[in-house]
Amino acid sequence: MGRALLTENILIPGIRDFDVYRAHGGYVSAEKALKEMTAADVCREVTKSGLRGRGGAGFPTGLKWSFLDRKTERPRYLVCNADESEPGTFKDRYLMEHLPHLLIEGLIISSFALGVRSCYIYVRGEFKYIIGILKRAIDEAYQHNFLGNNILGTGLSLDIFLHPGAGAYICGEETALLESLEGKRGNPRIKPPFPAFKGLYDCPTVVNNVETLAAVVPIIGMGGDAYAAIGVGKSTGTKLISACGNINKPGVYEIDFGLPVEDFIYSEQYCGGIRDGKMLKAVVPGGSSVPVLPAGLMLNTVKGEQRLMTYESMAEGGFETGTMLGSGGFIVFDEDACMVRNTWNFTCFYRHESCGQCSPCREGTAWMEPILKRIELGEGKSKEIDLLVSIAAKIEGNTICPFGDAAAWPVASAIRHFRDEFEFHIDHPEIVKNIEHGSIYKYPVSSIQHPASLR
Amino acid sequence: MRVTIDDITVDVEEGTTILTAARKIGGKIVPPAMCWYSKLKGSGGKCRTCLVKVAQSSAKDPRPMPKLVASCSTPVQDGMVVQNITSPEVLEARKAIVEFLLINHPLDCPVCDQAGECDLQDLSFLHGMVETRSEEPRREFPAIDIGDKIKLNMNRCILCYRCVFTADQITGKRVHGVLYRGDAPEISTYIQNVIDNDFSGNVIDVCPVGALTDRTFRFKSRVWFLNAMDAHRDCTHCGGKVTAWMYGNEIYRITGRKDKYGEVEEFICNECRFEKKNFSDWIIEGPRKISRESVISANHYEKLIKPSIIHPIEGTTEKQE
Amino acid sequence: MDGLINHRLYKKENKIVRFSEETLKRIAGIILHYPADRKKSALLPVLHIAQQELGGYLSVDVMDYVASLLEIQPVEVYEVATFYSMFHPEPVGKYLIEVCQTGPCALCGGEHILDHLENVLGITNGGTTSDGMFTLKTVECLGSCGTAPVMQINTEFYESMTKEKVESVIRELKEKDNQQFQETRWAELF
């Protein structure tokens, strides 16, 4: 049974409003931090909590905060990354839509800890209505003196501004986001220097994901140690998982780290099993950028242990037989899904969203896409499978930002685990011409290892 | 700070990049650079041809860096150990980058004015594959004139952004930039504005490929047929120090004085570049030193017949080679 | 996206474009969100407002006007406007229908929704109906994978789409033609 630290009150009617949020324990953590704690105390609690960045990379938040250049005279900035656009991920949208004040409270506490006086929330442009919701919540917070000058008489001042994106996945990368915030093209910056030293307007900057900042609220509320007691190993606390694809109950679920993947997929409390009673074929557990795993490897690691919803367990087996928790965009494929078509689909995404700044990514993503299209449509050649592996390997690790890796991994992993499907496409062009061919060729599915209990 | 690159150790100042340190050592261990330009602030990091392996991050932290890094934009640490040509991984990556840069390149060197002094040509010669593995159609753009002096062949562009930085930093008012994104970006003025500025001609010199070329020199001669001479004049706009590309006493074109890495020593003005083409405009200092590896130094001026008076007489054309 | 990418030539028509006084006041407020010497930061919000209030797309005249407001070079606006997929360099229909085509939506039938829209509207992906009412476009992930398939009409979400829902939405929009589509103003969001 998972506990809900972030989403406990999410279903209360009117929780979007300041008064209702406040009546249900809202802004208590902010008051506690501002009135009873020092900035260093807050940072210490966050470090103790073991909180890791919820945007995808899983970098320890306390450590990230500790890098912030505090010696300089220049202003420091906190930027909230609400440019959620990883395919399969919709947790931040859910959180902001229902609990805008939770994010604002998280921003207040974090700004206090970091000595920040201006925050920006960078919301992707497509979430226009979310901007409206946040705007209203920010106005309310100003009215109740949780924002503005001399907050609650503590002498602290803080402004939060909203900034819209305009349709660019790459702006979820923190330095691209900063460029975009400065009114430029969303080209990721070359690092070093890191944003902690030279970020927004060349000033020290921390960029955190929405869920990360929201998680600061319960951490201050319950204490870092209590938060760290939840979960397994270095995956502490709770995580929002956005489950989608061929499952009975798609949606955002808050889980304790350490929940077995099998329970997450099949229990009624979460995904509720595979839609229409079909079999599980594969899962992309952390948004489209992480390697895809076939059912057998998803449920159990190659050592035969149950795979858990933690950063470490997901990565068990490395790239050969493991994957990553990423942003928690849990995409489930049933037995009728065509992995080739899906891989092509993802490469279309990466081709479209590449910023085009560095050569491996610009040229590589645009090279893989038409090859996969040909294979999917039954016009591929068998040597092209190896060509794809080679291109993916040449993009990976050679780009400015992690986008190149994100574009290469889905292709490399799909071919690694579902090579027979790619070969099937090349050998049976007449079958794959049918758009529903995923449900026609059952042979690749049978080769997927299912745990006996699920057959 | 002490840094070791391909087993050669050099002392450099703090803040120096790996590439600059390598240039201090010189020779074959210098990573190639297609987008970084020492005189343009903010350039570099984009083309990825200068990737190197950091086998040891610093004396304090002897761990290797997990990924290859762009040597042009990574500052050295004391005790850093870098591998360039001694790392098979780096050479493999460089080969990959060259392949990526070429899959959309038209390979029209035979009709490109940049041939002979093209960084991409040199890079392909050193690291390129014999055949292409790509069967996809190449990106195509029509060639356009930006002003009466500069030709833009977007097909050849490798998107190094150098010309954008030049326009920003040298010309003050930028009218061109990189438009669109992903695999479809292009250098453009969007509404085909003319780039009109006293120093706009420098975009030709900084372009590592034949994307931006000098219209006043278009198809006039192959660069290796010409004699590169350092020359100067009193100029009210710039330092007036140029390289005059001559045939006999005739000046075919004027460029900035480029060093062995293809970088100009000083930016020059458009008047010097485009308008002063008379022998009498310049004080000739002497031959420009051109790298022995360059095709330009392989020429034989004395045996050549001036291109404008070539007659199709049997036998003569063979002798020229 | 495949094949030849033609060079696009845009013309400045020298039309006079201007925001209303009320909008200008709001833009002045947005500019205050950023440091005084960083007016350019307001570019994305101002372009959203410009696209919505000055003709539905970003013509060269509109972009030049935005550049003058923010005291930057016009090319800095062109660069940004062509980078982000929510900005349209050419006119689009009154209702811009954007259908998500990325993985999770495709798994749940997003491709069929697109097919059906093409049939219902009689246009292909990327096209605009002859009456200028509808433009149909595919987009990448809209961040609504739990309620796939999803589409947006002028940035309003339409989730868990079915063929029947597609038909009723289109029918409703056609009937409502004379009324104003309930759309939030970008200018009021900041």
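Helices (H or I, at least four residues) and strands (E, at least two) are DSSP runs, numbered from the N terminus. The model is predicted: local features need pLDDT of at least 70 and side-chain atom pairs count only at pLDDT 80 or more, whereas totals for chains, interfaces and linings use all residues. Residues are numbered from 1 along each chain as its sequence is written, and chains are lettered from A and ligands numbered from 1 in the order in which they are written.

In H1(C), which spans residues 21-31, the buried residues are Thr23(C), Arg26(C), Ile27(C) and Ile30(C). These residues lie on the same side of H1(C) because they cover an arc of only 100° around the axis, the arc being that of the directions from the helix axis to the C-beta atoms. Their cover includes helices H2 (43-53) and H3 (60-70) of chain C.

Chain C also touches chain A, through a contact that takes 37 residues from chain C and 51 residues from chain A; two residues are in contact if their C-beta atoms, placed from the backbone, lie within 7 Å. On the side of chain C, two or more residues each come from H2, helix H4 (74-83) and helix H5 (103-107). H2(C) gives the most, with five residues.

How values were computed: A residue is buried if 20 or more other C-beta atoms lie within 10 Å of its own, exposed if 12 or fewer, and partly exposed in between; C-beta atoms are placed from the backbone.
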